[in-house]
Amino acid sequence: MIWIWILLAAAVTIGGIFWLGKLPAAARPLAGAAIMLGLAGYALQGSPSLPGKPVAVPDEPEGFGEAITDQRQGMSERFGPAAQWLGMSDGFARTGKTELAAKTLEKGLEKYPDNVDLWVGLGNALAAHSGGMMSPAAALAFDEAAKRDPTHPAPPFFAGLALAQGGDLKGAEAVWSQLLARSPADAPWRRDLEMRLGQLRQALGPQLPLEAPADAPAGDVPN
């Protein structure tokens with residue numbers, strides 16, 4: 001049955017080209033040959049009788065590198081002086097222009113040198129420019145953010161995220177554990193932080209037992 005429709009479509013196409021399209025007579029054999037070549041190729045490789053099988057899109061696995069958008073889990077201002085610079089930087093980062101993303105925030109910091117959100121954004125942009133790893137420049141930007149406001153949750157959260165993405169799971173666990181300890185119970189970022197910290201600790205696995213002191217007898221482990 002499917003071949004009837006294919007041949008009908010080919011006939012309509014030929015008729016449209018020859019008469020409606022007013023194709024010159026000299027070019028008609030070439031056009032007809034092209035259509036027949038297409039039919040021959042489909043006959044050799046096509047499988048119209050096979051049933052359809054929709055492919056399910058796999059769920060994106062949860063991970064340490066999931067992007068935080070919109071309100072950034074309540075960690076940054078949405079309408080303050082940093083918002084426009086962060087928006088432009090995020091736009092560059094989404095298209096892979098990580099260097100422009102970092103330079104945009106550097107320009108913003110020239111105007112607002114004490115803005116914590118811009119320093120955190122710069123740390124994120126520099127980490128992205130380094131392939132998602134914590135670079136010395138990114139670490140410096142996160143440190144500068146923490147100096148401006150030691151109580152702000154964003155510097156340790158995103159610093160821990162960069163450490164985790166770079167493979168330093170123990171460093172990330174230490175940073176996030178300290179942040180969780182001082183986060184209010186109703187903090188908008190607490191649930192996300194707890195989830196990521198749980199994943200991190202699961203990835204670390206059981207901790208090794210403490211080593212016995214050098215002067216202790218072999219086989220003795222301190223309680």
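A residue is called buried when its relative accessible area is under 20%, exposed when that area is over 50%, and partly exposed in between (1.4 Å probe, protein chains only). The model you are looking at is predicted, so local features need pLDDT of at least 70 and side-chain atom pairs count only at pLDDT 80 or more, while totals for chains, interfaces and linings use all residues. Residues are numbered from 1 along each chain as its sequence is written, and side-chain values use heavy atoms, leaving out hydrogens and water.

Let's start with Val116, which counts as buried because its relative accessibility is 11%. Val116 lies in helix α5, where helices are DSSP runs (H or I, at least four residues) numbered from the N terminus. Leaving aside residues up to four places away in sequence, Val116 touches Ala145, Arg148, Asp149, His152 and Pro155; contact here means heavy atoms within 4.5 Å. Pro155 is 39 residues from Val116 in sequence, yet their C-alpha atoms are 8.1 Å apart.

Now move along to helix α6, residues 136-148. Its buried residues are Ala138, Ala141, Phe142, Glu144 and Ala145. Seen down the axis of α6, these fall within an arc of 155 degrees, so they line one face of the helix; the arc is taken from the directions from the helix axis to the C-beta atoms. Exposed Pro136 and Lys147 sit on the face turned away from that buried side. What covers the buried residues of α6 includes α5 (116-129) and α7 (154-165).

Finally, find Ser130 in the loop between α5 and α6. Ser130 is partly exposed, with a relative accessible area of 33%.

Definitions and conventions: Helices (H or I, at least four residues) and strands (E, at least two) are DSSP runs, numbered from the N terminus. The expected span of a helix is 1.5 Å times one less than its number of residues.
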